[in-house]
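Here is a short note for a colleague opening this structure for the first time. Please keep the sequence and the 3D view side by side while reading.

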Amino acid sequence: MSPAIPASGVIGVVGAGAMGTGIAQVAAATGHTVLLFDAREGAAAAACDSVRKVYASLVDKGRMDASQAKEASARLSALTSIGGFHDAALVIEAIVENLDAKQQLFAALEAIVTDHCILATNTSSISITAIGAKLAHPQRLVGMHFFNPVPLMQLVEVISGLATSASVADCIVATAVAWGKLPVRATSTPGFIVNRVARPFYAEGLRLLLERAADPATLD
């Protein structure tokens, strides 16, 4: 199996929402230099500040060493453009769930990063094959689907599209393990694993509610 991305490898994260911020928090805490970008002005910097406050809170609760928090905070920084990802070993996309937006972002990233950089999408259900369809090197694209809240949820779906290199998927599995996560492999089928299972489960709950089988609190 391919080794995990070493701690010296720079991790890029695109999207400073709840998912992207959580991913940045985990990656920085495990030793990586993390670069965070968001198209919204000031959002990435605000997210970095938020993560540093989380580290400080963990120190106060005795769940993180003060020196580790200081070092992790120093490894985290905001970018004002994706051009700063040129030396990244891995760039993880955590933006809006829109195929066109993701395709455009990865096409732009492909023109910036090195040939050895892995590109990962945190999509929860969009086809990895479709996202990578317009890339010159779709073999480097893989799904790395975290669950919210990222720092607390162990599960990570590692999804291979039709073109995804086996060594790329192996590397992401190993990296997820190094980050303290529990990776599961999936192929790019509708909903992958978790959402494929969950949707019928939710729908059955709604049917039970419509049938007045129980009150909403009980069904929850």
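This is a predicted model: local features need pLDDT of at least 70, side-chain atom pairs count only at pLDDT 80 or more; totals for chains, interfaces and linings use all residues.

1. **The main core.** Start with the largest nonpolar core, which has 41 residues. The residues with the most contacts inside it are Ile 11, Leu 90, Ile 92, Met 144, Phe 146 and Trp 179. Helix 2, residues 43-60, gives the most to this core, with seven residues. There is also a second, separate core of 23 residues. Phe 37, Ile 82, Ala 88 and Phe 192 are among its members.

2. **Leu 90.** Neighbours within four places in sequence aside, Leu 90 is in contact with Ile 5, Val 10, Ile 11 and Gly 12, among others. Its contacts also include Cys 117, Ile 118 and Ala 120. Ile 172 and Trp 179 touch Leu 90 as well.

3. **Helix 6.** This helix covers residues 166-178, 13 residues in total. From first C-alpha to last it reaches 18 Å, close to the 18 Å expected at 1.5 Å a residue.

4. **The end of helix 6.** Ala 178 belongs to helix 6. Leaving aside neighbours within four places in sequence, Ala 178 is in contact with Ala 4 and Thr 30. Ala 178 and Ala 27 are 151 residues apart in sequence, but 9.6 Å apart in space, C-alpha to C-alpha. Just after the helix, Gly 180 takes a positive phi of about 80°.

5. **Thr 121.** Is Thr 121 buried or exposed? Its relative accessible area is 0%, so Thr 121 is buried. The residue lies in strand 5. Beyond its neighbours within four places in sequence, Thr 121 is in contact with Glu 93, Lys 102, Phe 106, Ile 128 and Ile 131, among others. Val 142, Gly 143, Met 144 and His 145 are also on its contact list. Ile 92 is 29 residues away from Thr 121 in sequence, yet the two C-alpha atoms are 5.6 Å apart.

6. **Gln 103.** Look next at helix 4, residues 99-110, where Gln 103 is found. Gln 103 counts as buried because its relative accessibility is 10%, under the 20% cut-off. Not counting residues up to four places away in sequence, it touches Ala 130, Ile 131, Ala 133 and Lys 134.

7. **Salt bridges: the network.** The count comes to six salt bridges. Glu 93, Glu 97 and Lys 102 are linked in a network of them. Within it, the side chains of Glu 97 and Lys 102 meet at 3.1 Å, N to O. Glu 97 is partly exposed at 39% relative accessibility, whereas Lys 102 is buried at 0%.

8. **Salt bridges: two further pairs.** Asp 49 bridges to Arg 52, with the closest N and O atoms 3.4 Å apart. Both lie in helix 2, three residues apart, about one turn of the helix. In an α-helix, residues three or four places apart point the same way, because there are 3.6 residues a turn. Asp 49 is partly exposed at 42%, and Arg 52 is partly exposed at 29%. Asp 38 and Arg 40 form another salt bridge, at 2.9 Å, N to O. Asp 38 counts as buried, at 12% relative accessibility.

9. **A surface patch.** Leu 206, Leu 209 and Leu 210 form a nonpolar patch on the surface. Together they have about 300 Å² of accessible area. Leu 209 is found in helix 7, residues 194-210. Its relative accessible area is 34%, so Leu 209 is partly exposed.

10. **Two loop residues to check.** The peptide bond from Asn 148 to Pro 149 is cis, with omega near 0°. Pro 149 lies in the loop between strand 6 and strand 7. Arg 212 has a positive phi of about 60°, although it is not a glycine. Arg 212 sits in the loop between helix 7 and helix 8 (216-219). At 77% relative accessibility, Arg 212 counts as exposed.

Technical notes. Residues are numbered from 1 along each chain as its sequence is written. Side-chain values use heavy atoms; hydrogens and water are left out. Helices (H or I, at least four residues) and strands (E, at least two) are DSSP runs, numbered from the N terminus. Buried means under 20% relative accessible area, exposed over 50%, partly exposed in between (1.4 Å probe, protein chains only). Contact means heavy atoms within 4.5 Å. The expected span of a helix is 1.5 Å times one less than its number of residues. Patches are made of residues with over 30% relative accessible area and no salt bridge: like charges are joined within 9 Å, nonpolar side chains (Val, Leu, Ile, Met, Phe, Trp, Tyr) within 5 Å. Accessible areas come from the Shrake-Rupley method with a 1.4 Å probe; for residues, only the protein chains shown count as cover. A salt bridge is a side-chain nitrogen of Lys or Arg within 4 Å of a carboxyl oxygen of Asp or Glu. A nonpolar core is a set of buried Ala, Val, Leu, Ile, Met, Phe, Trp, Tyr and Cys residues joined through side-chain atoms within 4.5 Å.
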